[in-house]
Amino acid sequence: MCKLSPFNHKARKRFGQNFLTDQGIINRIVCSVNAKVTDRLIEIGPGQGAITQYLVEACPQLQVIELDKDLIPILLAQFAKYPDFTLHQHDALTFDFSSLTTSDTNHSTQALRIVGNLPYNISTPLIFHLLTYRDRIADMHFMLQKEVVKRLTAMPGEKNYGRLSIMVQYYCEVEHLFEVPPECFVPPPKVDSAVVRLQPYHVLPYIANDVKHFSHLVNLTFQQRRKTLRNTLKQLIDIDTMAMLPIDMGLRPENLSVADYVNLSNLLIEVTL
Ligand code: SAH
């Protein structure tokens, strides 16, 4: 199903195109980002420029990454009056974001600020891709499916708490900003949306000695969400060693905080060495 937009561009499902048309919501996003003229601002999926036009006014050196080649001439024409505006026709999932950082005269790199009303089908892999550049990112503002925002912000014991909550909260401060109903878009998506702010920590609050192990542990326990730690960890360590750990093995994965997982991973590495 395609709908014609005011630009005669057919919204494409395969590119997750739901164009924002509600001026109030556009304003709220732009205010939340609060871009400064010197920011290294990047927009992913500018579409027909609904948010872009306000971002580029605040920050004329805005760079955008858009996959749909049919939108490129529309965007280039729309923003031709901004000589420092840059458009990358590329897939954001494979884009090298380190190519966007520059060194100033003091050789310090200026962190990226990233904004996007993201295609919902790529939002989780894209967040993981961006997290590999977290040292170069100041903050990210994303419109996502409301369910995904709930998972990103969920705390231990909550229904939506899981792998995504833990892995993203390990690296970032996560803030739910506001919700957006389907009628704010053309065509309207089938789900509710919400805007979230992710700010990678300069200094991680808890440090996993081996992030791969930590991530594997989180995956492993949530694969068996209803099992106690005792039951799941049996495959990793023997019962006697388990009894020595200062962690309640009767807990289920959803009861452990990020700090608990980091502790558990560090302890398991120690006792299995
Ligand atoms: N920001 C616009 C458009 C949102 S729709 C608005 O708010 O109105 C999502 C946009 O992301 C579309 O323009 C779509 O073409 C683009 N897109 C989809 N997949 C992409 C990808 N992998 N990389 C970059 N852009 C992508």
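In the predicted model, Arg 12 counts as partly exposed, with a relative accessibility of 24%. The side chain of Arg 12 forms a salt bridge with that of Asp 70, at an N to O distance of 2.7 Å. Arg 12 belongs to the segment before strand S1 (19-20), whereas Asp 70 sits in the loop between strand S3 (63-66) and helix H3 (72-78), so the contact ties together parts of the chain that are 58 residues apart in sequence. Asp 70 is likewise partly exposed, at 35% relative accessibility. This pair belongs to a network of salt bridges that links Arg 12, Asp 68 and Asp 70.

Across the whole structure, the search returned eight salt bridges. Side chains of opposite charge can pair when their charged atoms come close. Two further pairs involve residues of strand S7. In one of them, the side chains of Glu 179 and Lys 146 meet at 3.5 Å, N to O. Glu 179 lies in strand S7 (residues 172-180) and Lys 146 in helix H5 (residues 146-153), and the bridge therefore joins distant parts of the chain, 33 residues apart. Glu 179 is partly exposed, with a relative accessibility of 43%. Lys 146, at 18%, falls under the 20% cut-off and so counts as buried.

In the other pair, a salt bridge connects the side chains of Glu 175 and Arg 197, with an N to O distance of 3.1 Å. Glu 175 is located in strand S7 and Arg 197 in strand S9 (residues 193-200), and these distant parts of the chain are 22 residues apart. The relative accessible area of Glu 175 is 33%, which places this residue in the partly exposed class. Arg 197 has a relative accessible area of 17% and is buried.

The largest pocket has a volume of about 440 Å³. Its lining comprises 30 residues, and those nearest the centre are Phe 15, Gly 45, Glu 66, Asn 117 and Pro 119. Strands S1, S2 (40-44) and S3 are the elements that each give two or more residues to this lining. By residue class, the lining of the largest pocket divides into 16 nonpolar, 10 polar and four charged residues.

Key. Residues are numbered from 1 along each chain as its sequence is written. This is a predicted model: local features need pLDDT of at least 70, side-chain atom pairs count only at pLDDT 80 or more; totals for chains, interfaces and linings use all residues. Side-chain values use heavy atoms; hydrogens and water are left out. A salt bridge is a side-chain nitrogen of Lys or Arg within 4 Å of a carboxyl oxygen of Asp or Glu. Helices (H or I, at least four residues) and strands (E, at least two) are DSSP runs, numbered from the N terminus. Buried means under 20% relative accessible area, exposed over 50%, partly exposed in between (1.4 Å probe, protein chains only). On a 1 Å grid over the protein atoms alone, a cavity is a set of points where a 1.4 Å probe fits but cannot get out, and a pocket is an open set with protein on both sides within 12 Å along at least five of seven lines; lining residues have an atom within 4 Å of a point. Grid points are joined across faces, edges and corners, and a volume is the space filled by probe spheres set on the points. Ala, Val, Leu, Ile, Met, Phe, Trp, Tyr, Cys and Pro count as nonpolar, Asp, Glu, Lys and Arg as charged, and the others, Gly among them, as polar.
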